[in-house]
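Student: Hi! Could you walk me through this one? I'd like to go from the strands to the packing.
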Amino acid sequence: MADVSYDRREQLKQIQSGLLDGEQVIAVYDAIGAGTGFIGLTDRRVIIQDKSFVGKKFAITSIPYSKITSVSVVSNKSWGGSFFSTGAIAIHVGTHTYEVEFRGDQKSHHVHNVILHYIS
């Protein structure tokens, strides 16, 4: 578990508490913006905490890699090549798209590359 990348220990512990037998955590990143709390990546699935439910409810959604049809890096990079401080990814599952925004673009690229590895 020493190689796990994470932002907040409590989010990592939440992911670890729901692992299947033999499942390994790769990364857990805090998300910014409305609706999403964090994203977790394991060697079997993507786990997203969705805070967009009415009445302070939230959901932990597990998405098996086999159900992901594509993943996109959503960048706010300008045409001039300068970077801003955030990056985002979009995960396409059937007709639904989950968008997760991070502080810094390195995390979005890491998430993108891990998902792409498991879906290709």
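Predicted model: local features only at pLDDT ≥ 70, side-chain atom pairs only at ≥ 80, totals over all residues.

Student: Good. Where is Phe102 placed?
Tutor: Phe102 sits in strand E8, which covers residues 96–103.

Student: And is Phe102 buried or exposed?
Tutor: Phe102 counts as buried because its relative accessibility is 0%, and the cut-off for buried is under 20%.

Student: How far is Phe102 from Ala88 in space?
Tutor: Their C-alpha atoms are 5.9 Å apart, while 14 residues separate Phe102 and Ala88 in sequence.

Student: Let's switch to the open sheet. In what order do its five strands come?
Tutor: The order is E1-E2-E3-E4-E5, with mixed pairing. Strand E1 (5–6) and strand E5 (59–64) are the edges, each pairing on one side only.

Student: What about E2 and E3, parallel or antiparallel?
Tutor: Antiparallel: strand E2 (residues 25–30) and strand E3 (residues 36–42) pair over five bridges. As a landmark, Val28 stands opposite Gly40 in E3.

Student: Which strands does helix H1 lie across?
Tutor: Helix H1 (residues 9–17) lies across E1, E2, E3, strand E4 (45–50) and E5, and runs at about 135° to E2. Helix H2 (residues 105–119) lies across E2, E3 and E4, at about 145° to E2.

Student: Now the packing. Which residues touch the most other members of the largest nonpolar core?
Tutor: Ile39, Val46, Ile91 and Ile115 do, in a core of 20 residues. At least two core residues come from each of E2, E3, E4, strand E7 (86–93), E8 and H2.

Student: Tell me about Ile91. What is it in contact with, leaving aside neighbours within four places in sequence?
Tutor: Its contacts include Ile39, Val46 and Ile115. Also among them are Ile48, Ile68, Val71, His96 and Tyr98.

Student: And which residues does the second core include?
Tutor: That separate core has seven residues, including Val4, Leu12, Ile15 and Val28. You'll remember Val28 as the residue opposite Gly40.

How values were computed
Residues numbered from 1 in each chain as written. Heavy atoms only, no water. Helix = DSSP H or I, 4+ residues; strand = E, 2+ residues; numbered from the N terminus. Buried < 20%, exposed > 50% of the residue type's maximum accessible area, 1.4 Å probe, protein only. Pairing = 2+ DSSP bridges. Contact = heavy atoms within 4.5 Å. Axes fitted to C-alpha atoms, helices over the stretch in contact; angles between N-to-C directions. Core = buried A, V, L, I, M, F, W, Y, C linked by side-chain atoms within 4.5 Å.
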